[in-house]
Amino acid sequence: MSQATMKVQPKTKDQQTGAHAALTARRIVAYAVLILLCALCLFFFYVLIINATRPHADIQKGFSFLPGSWTSLCNNFTQVINNANIPIISGMRNSLIVSAMTAIFACYFSALTAFGIHAYRFKGRALALTFILLIMTMPTQVSALGFVQLMGKMNLKDSLLPLFLPSIASPAVFYFMYQYMQASLPLEVIEAARIDGSSEFGTFNRIVLPMIKPALAVQAIFTFVGAWNNYFPRPDSELREQKDAADFDCSAPQRRLPEVRHGAGLHDDCPLDSPRHHRLPLPQQVHHCWRCGRRREGVRGFPKMNAPSPLRSA
């Protein structure tokens, strides 16, 4: 009897019932595991919301599954917003700017680099690909000190630019984009665009980017979350201004300032001039004080704007 004439024997009712029961049992176990994992992930957010509605004294007593009062939530929120030592609004704004720019730069320029490696055939292509992949093996801590020194020499330490500009070179994002292009971007599409008269950047922006939207979305999410969770000190000027605001009534030794006010003459016409008014040292070229709102520039040791002699002591 040939295979074409063979008939498949239908399953009996008992066999169908047993298969359905086994499938139902597997589904129950799968859903139970998923519900347990989901509960474990959401439990910490639940604790965060519950503690936000409780006063500090109740939080120290221990955890409670019941939320606190609406008044406690409003008081806690008001205290956090108005706390000068913890600038929540500016911190969230800076984190949003840095994370968004990091995701945009990393995805666009990595996709552009992957497009160049994928679509062009040139000498040294394999070497360039190998070099980019070898950079992935270098830890970030190795180049952190040199990067900070370089930013200091470029006068970019008081800016957000050093926090997202290095994301232009993202080897991990490049490798993901390159692998995705090899699997989903045929070279015939690029050649057809060239025949139609499209420029290289036009081909990349109008044809390649829409074709790799899934890869861009995945890497944008990962890069944004990674940049958001990445801890990096804020600019020195912001830290200095917040420390001065918190220690405005402190004495000079408590603020780690010398008793003699160096840089005299920078605040001669300022109404807030007092022994506790913070004065910058003489070598400071750019003086920007948040209390008087003045900004003066001068060469080392000799401020401009016809200020009195800096040799005068306090």
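**Helix packing, a surface patch and salt bridges**

In this predicted model, helix H4 (residues 88–119) and helix H9 (residues 187–195) have axes that come within 11 Å and cross at roughly 95 degrees. Two packed helices are described by the angle between their axes and the distance between the axes. Angles of 65 to 115 degrees count as roughly perpendicular, and H4 and H9 are therefore roughly perpendicular to each other. The contact is made by Phe115, His118 and Ala119 of H4, which meet Leu187, Ile190 and Arg194 of H9. By class, four nonpolar residues, one polar residue and one charged residue make up this contact of H4 with H9.

A nonpolar patch is found on the surface, formed by Val29, Tyr31, Val33, Leu34, Ile35, Leu36, Leu37 and Leu40. Together, these residues have about 820 Å² of accessible area. One of them, Leu40, is placed in helix H1 (residues 13–52).

The count of salt bridges comes to two. Asp58 forms a salt bridge with Lys61, in which the closest N and O atoms are 3.8 Å apart. Both Asp58 and Lys61 belong to helix H2 (residues 56–61), where they lie three residues apart, about one turn of the helix.

How values were computed:
Residues numbered from 1 in each chain as written. Predicted model: local features only at pLDDT ≥ 70, side-chain atom pairs only at ≥ 80, totals over all residues. Heavy atoms only, no water. Axes fitted to C-alpha atoms, helices over the stretch in contact; angles between N-to-C directions. Helix = DSSP H or I, 4+ residues; strand = E, 2+ residues; numbered from the N terminus. Parallel < 35°, antiparallel > 145°, perpendicular 65-115°, else oblique. Contact = heavy atoms within 4.5 Å. Nonpolar A, V, L, I, M, F, W, Y, C, P; charged D, E, K, R; others polar. Patch = residues over 30% accessible without salt bridge, like charges linked within 9 Å, V, L, I, M, F, W, Y side chains within 5 Å. Areas by Shrake-Rupley, 256 points an atom, 1.4 Å probe, with all protein chains shown as cover. Salt bridge = Lys/Arg side-chain N within 4 Å of Asp/Glu carboxyl O.
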